[in-house]
Structures are given as C-alpha cells and as structure tokens.
Amino acid sequence: MTEAHLDHVFAALADPTRRAILVRLSKGSATVGDIAKPFEMSQPAISKHLKVLENAGLIERGVDRQMRPATLNAAPMQAAANWLEEFRQFWEGSFDQLDQLLRAMKDTQKRKDTSS
Amino acid sequence: MSDTPIYILERTFDAPRELVWRTFTESELLSHWYGPGVETVIHELNVTPGGVWLNEMKMGENSYYQRAEYLEVEAPGRLVWLHSTADAEWNIADNPMMPNWPKVLMTVVTFEENDGKTNMRLTWEPHESSPEEIEVFSQAIAGLDQGWGKGMEMLAELLESLQSG
C-alpha cells in the first residue's frame with residue numbers, strides 16, 4: 001500500500017454497503033455468496049463493491065476461481081485516518097504556535113507602553 | 001455550485017485583531033508560526049491582490065513547497081487566497097501524498113474582534129477542481145468534521161477488534 005492510493009481508500013469508504021462489508025470481513029474471510037446473504041442485493045452488485053474495495057487495497061481476494069474468498073486488509077484504513085489527522089494537526093499545531101507568538105507580542109507591547 | 005464541500009475552522013486568539021492581522025501578513029511573524037515543528041522559509045510575501053506567498057517548509061532533507069496567491073486583502077478583517085502545493089520552481093503541483101487532493105483550495109480568513117479577543121474563521125473550498133478532487137476533499141472533510149460520523153465509528157470498532165483479536 002503506497003500513500004498514492006489514499007484517495008481510492010476515501011472513495012471506497014464513502015459507501016455504507018462497503019463499510020458494512022468490511023465489518024463483515026473483520027469477523028473472517030467470506031465468499032461473495034456469504035457476503036451477499038444479509039444484504040438485499042444481488043451477487044453481481046456485491047461483486048462490484050468488492051472490486052472497489054480490492055482496488056483500494058482494503059481487501060484481498062483468494063486465487064480459487066470459483067470461491068475467491070475475500071479477506072480484510074485494514075492497513076489502508078489506518079493510513080487514511082492518519083492523513084486526515086495530519087492535515088488537522090498541521091493547522092491546530094500552527095495555531096498553537098500563533099497563540100504563543102501573540103502572547104509574546106502583547107507582552108512586548110505592554111513593556112513598551114509602560115516604559116514610554 | 002451550492003454542493004461544493006467547505007471546511008471550516010474557527011479559533012479565538014487572545015489578542016486584538018490588528019495584531020492577529022500582522023501575524024498573517026508580515027513575513028517574519030508568519031514564518032514564526034506557520035508549520036508546526038518545521039523550519040518555514042518564506043521566499044516571497046506580497047499581501048496585495050495578485051501578490052503571492054511562496055513558502056518552503058523544511059523537514060529534514062526534504063522540502064515541501066506551497067504557493068498562495070492573494071485575491072482579496074481587506075485589513076484587518078478579511079484575507080482571501082488560493083492555496084496550492086508547488087514544485088521547487090513554484091509551479092502548482094499535485095500533492096505528493098494525495099494525487100487527487102484538490103490542487104487549489106480557496107482559503108478565506110476573517111477576523112472579528114470581540115472584547116479584545118479575535119475570532120478567526122478560516123474556510124477552505126476546492127477551486128476549479130475536478131469531480132474526483134472534490135470527491136476526495138468531501139470525504140476528507142466529512143472525516144475532519146465528524147470523525148467520519150457513523151462510518152468512522154464502525155471503522156474504529158473494526159480496527160480495535162482486529163487489534164484485540
């Protein structure tokens with residue numbers, strides 16, 4: 001999983017059915033038939049969702065042509081969560097530094113005011 | 001377009017807004033706070049409509065470049081610029097981490113003073129972005145705003161159960 005795939009991960013996670021599939025797979029590998037059961041969806045529709053998840057690196061498919069059981073790969077989700085956190089922390093961290101700078105500037109100004 | 005996703009960040013600074021304005025518009029002050037824990041070098045800062053802010057952040061051996069172009073400058077209350085990642089020659093470039101991140105984000109910052117404190121409101125929205133870029137940005141800010149809401153809760157549980165299992 002390279003960081004270049006993060007945008008695929010975001011797109012894949014945007015859909016509630018796909019998130020539900022990931023939750024299902026967290027309990028163990030499953031075939032398309034198994035996954036489709038609790039959803040009111042055809043197997044081809046589920047297969048399409050699996051394809052998106054696979055392209056994002058969120059699942060791996062078995063080599064067995066008939067069954068192709070799907071297995072969860074959680075690492076890209078962690079990477080996606082980290083990216084968002086980094087973006088937020090960049091600005092929050094910057095503004096923490098700005099807080100300190102403003103405090104120092106106000107102190108300097110006060111000293112000037114009292115000395116003049 | 002009314003459905004363009006917008007990210008909003010609000011923060012109150014314990015200082016009058018003239019002072020806060022200076023920290024956004026004077027090179028020495030801006031480089032002091034912008035970029036947490038990194039060395040920030042401002043190569044150019046011309047805070048006038050059409051002027052640019054060329055910013056380098058040094059992280060060890062690597063440098064990360066940003067280019068901003070100012071659209072509106074109304075001291076001390078409002079600042080609008082187009083924010084983008086740049087290459088070392090200051091051309092607008094893809095974000096190395098996220099190829100489909102919007103190349104240009106319109107950034108609007110407003111300052112309102114209230115009882116000696118300054119309420120800052122900062123918004124970002126994709127500027128002339130492709131549908132893919134807008135989609136990625138929507139996903140990201142949905143996550144930033146609500147921790148991805150229900151979806152993220154599910155994923156957090158999921159990650160936890162994987163770690164404990």
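**View 1. Thr17(A) and its contacts in this predicted model**. Leaving aside neighbours within four places in sequence, Thr17(A) is in contact with Phe39(A), Met41(A) and His49(A); contact means heavy atoms within 4.5 Å. You will find Thr17(A) in helix H2 of chain A, residues 16-26. Helices are DSSP runs of H or I with at least four residues, numbered from the N terminus. Thr17(A) counts as buried because its relative accessibility is 15%, the cut-off for buried being under 20% relative accessible area with a 1.4 Å probe, protein chains only.

**View 2. Leu6(A) in helix H1 of chain A**. This helix spans residues 6-13. With a relative accessible area of 2%, Leu6(A) is buried. Leu6(A) lies 51 residues from Gly57(A) in sequence, and their C-alpha atoms are 9.5 Å apart in space.

**View 3. The largest nonpolar core**. A nonpolar core is a set of buried Ala, Val, Leu, Ile, Met, Phe, Trp, Tyr and Cys residues joined through side-chain atoms within 4.5 Å. This one has 64 residues, and among those with the most contacts inside it are Trp91(A), Phe95(A) and Trp124(B). Its largest share, 10 residues, comes from helix H5 of chain A, residues 75-115. A second, separate core of 5 residues includes Val52(B), Tyr65(B), Ala86(B) and Trp90(B).

**View 4. Phe95(A) and its contacts in chain B**. Neighbours within four places in sequence aside, Phe95(A) is in contact with residues including Leu9(B), Phe24(B), Trp33(B) and Met120(B).

**Notes.** Residues are numbered from 1 along each chain as its sequence is written, and chains are lettered from A in the order in which they are written. In this predicted model, local features need pLDDT of at least 70 and side-chain atom pairs count only at pLDDT 80 or more, while totals for chains, interfaces and linings use all residues; side-chain values use heavy atoms, without hydrogens and water.

Note on methods:
Helices (H or I, at least four residues) and strands (E, at least two) are DSSP runs, numbered from the N terminus. Buried means under 20% relative accessible area, exposed over 50%, partly exposed in between (1.4 Å probe, protein chains only).
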